[in-house]
Amino acid sequence: MKPIKALFIILSVTFMSSGCKKDHHHDEATPEKPFVITEHYIAGTLSPKTGSKYTSVFFIQLLKDNKATFINSSANNLAGTYTLTDTELVFEVTGGNARIAKFTLDKDKKVTSAYYKALTTEYEATGELLPVKETNELVGKTFKGDEYKMGEVSNRTGLSYSFGANAYGSGTDVATIDKTTNNYTLIGGSGFKYVNGSTVELGFVSNKKLTVFRLSGLYYYGKYQQQ
């Protein structure tokens with residue numbers, strides 16, 4: 001074999017080899033970020049199985065050392081604890097306000113079923129494990145849908161919610177909504193709670209849909225699509 005031809009073959013093999021190594025390195029998957037439960041919170045809904053039919057909203061903040069805080073329309077939050085396994089998240093409060101919530105998790109840590117019991121009352125429950133956001137996911141957004149009173153009774157159709165940085169407003173005419181009306185507390189970056197005397201409203205955003213519960217003499221509930 002002539003020296004020039006041999007050199008050409010060696011260079012070709014070297015180039016192909018380095019190209020394969022480069023492609024292999026490029027195709028390597030980026031390692032997934034480890035799941036950290038304290039970087040998430042639970043947002044969900046509750047409906048009594050018996051008695052008055054209504055749907056309310058609740059939150060569970062998951063803190064360090066397996067401590068947790070339960071938030072709903074009540075004036076006082078409840079302190080509890082939680083345990084986490086590969087397939088289940090369990091929250092519990094003991095004592096006079098005893099309650100337990102269980103959430104079944106799939107391999108991707110998505111909630112597939114929920115159970116809730118307060119004292120002796122069981123509820124139909126839903127739950128989502130949402131990431132805690134450092135930014136306000138509500139600000140600058142408007143949501144529209146129908147509001148229901150005490151269950152399935154239609155109360156207001158075409159109701160909209162519009163959010164500012166610290167306050168929000170609602171109404172059936174988007175053009176006249178004052179987004180400075182109701183000052184709210186941000187929860188987890190995508191949830192909120194508003195309190196004014198005996199009126200309490202709270203809700204959360206997931207997949208561009210806002211779920212809201214309001215206690216104002218009666219119970220009001222609705223789901224609203226981001227506009």
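The lining of the largest pocket is made up of 11 nonpolar, six polar and one charged residues, where Ala, Val, Leu, Ile, Met, Phe, Trp, Tyr, Cys and Pro count as nonpolar, Asp, Glu, Lys and Arg as charged, and the others, Gly among them, as polar. The structure is a predicted model, in which local features need pLDDT of at least 70 and side-chain atom pairs count only at pLDDT 80 or more, while totals for chains, interfaces and linings use all residues. Residues are numbered from 1 along each chain as its sequence is written, and side-chain values use heavy atoms, with hydrogens and water left out.

The mean pLDDT (the predictor's confidence in each residue, from 0 to 100) is 89 for the protein, and 86% of the residues score at least 70. In residues 1–26 the pLDDT is below 50, and this stretch has two contacts in the model beyond near neighbours in sequence. A contact here means heavy atoms within 4.5 Å.

The volume of the largest pocket is about 330 Å³. A pocket is an open set of points on a 1 Å grid over the protein atoms alone, where a 1.4 Å probe fits, with protein on both sides within 12 Å along at least five of seven lines; lining residues have an atom within 4 Å of a point. Grid points are joined across faces, edges and corners, and the volume is the space filled by probe spheres set on the points. Of the 18 lining residues, Asn72, Ser73, Ser74, Arg99 and Tyr123 are the closest to the centre of this pocket. At least two lining residues come from each of strand 2 (56–62), strand 7 (111–118) and strand 16 (209–216). Strands are DSSP runs (E, at least two residues) numbered from the N terminus.

The second largest pocket holds about 230 Å³ of space. Its lining divides into three nonpolar, four polar and five charged residues. Glu128, Leu130, Pro131, Lys133, Glu137 and Lys141 belong to this lining, as do Ser190, Val205, Ser206, Asn207, Lys208 and Gln226. Strand 8 (121–131) and strand 15 (199–206) each supply at least two of the lining residues; strand 8 gives the most, with three.

In soluble globular proteins, nonpolar side chains tend to be buried together. A nonpolar core is defined as a set of buried Ala, Val, Leu, Ile, Met, Phe, Trp, Tyr and Cys residues joined through side-chain atoms within 4.5 Å. The largest nonpolar core has 21 residues, and Ile60, Leu62, Leu89 and Tyr116 have the most contacts inside it. At least two residues of this core come from each of strand 1 (40–48), strand 2, strand 3 (67–71), strand 4, strand 5 (88–93), strand 6 (99–105), strand 7 and strand 8. Another core, of 13 residues, lies apart from the largest one and includes Phe192, Tyr194, Leu210 and Tyr224. With neighbours within four places in sequence left aside, Tyr116 is in contact with Leu46, Phe70, Arg99, Ile100, Ala101, Thr121, Glu122, Tyr123 and Ala125.

Accessibility was assigned by relative accessible area: buried is under 20%, exposed over 50%, and partly exposed in between (1.4 Å probe, protein chains only). Leu78 lies in strand 4 (residues 78–84) and counts as buried because its relative accessibility is 15%. Not counting residues up to four places away in sequence, Leu78 touches Ala68, Thr69, Phe70, Val93, Asn97 and Arg99. Its C-alpha atom is 9.9 Å from that of Thr94, 16 residues apart along the chain.

Thr211, in strand 16, is buried, with a relative accessible area of 5%. Beyond neighbours within four places in sequence, Thr211 is in contact with Thr45, Val57, Leu202, Gly203, Phe204, Tyr221, Gly222 and Lys223.

Glu88 belongs to strand 5 and counts as partly exposed, at 30% relative accessibility. Glu88 touches Thr83, Lys102, Phe103 and Leu105, with residues up to four places away in sequence not counted. The C-alpha atoms of Glu88 and Lys102 are separated by 7.0 Å, at 14 residues apart along the chain.

Most residues other than glycine have a negative phi. Asp65 has a positive phi, near 60 degrees, and Asn66 also has a positive phi near 60 degrees. Asp65 is exposed, with a relative accessible area of 68%, whereas Asn66 is partly exposed at 38%.

How values were computed: Helices (H or I, at least four residues) and strands (E, at least two) are DSSP runs, numbered from the N terminus.
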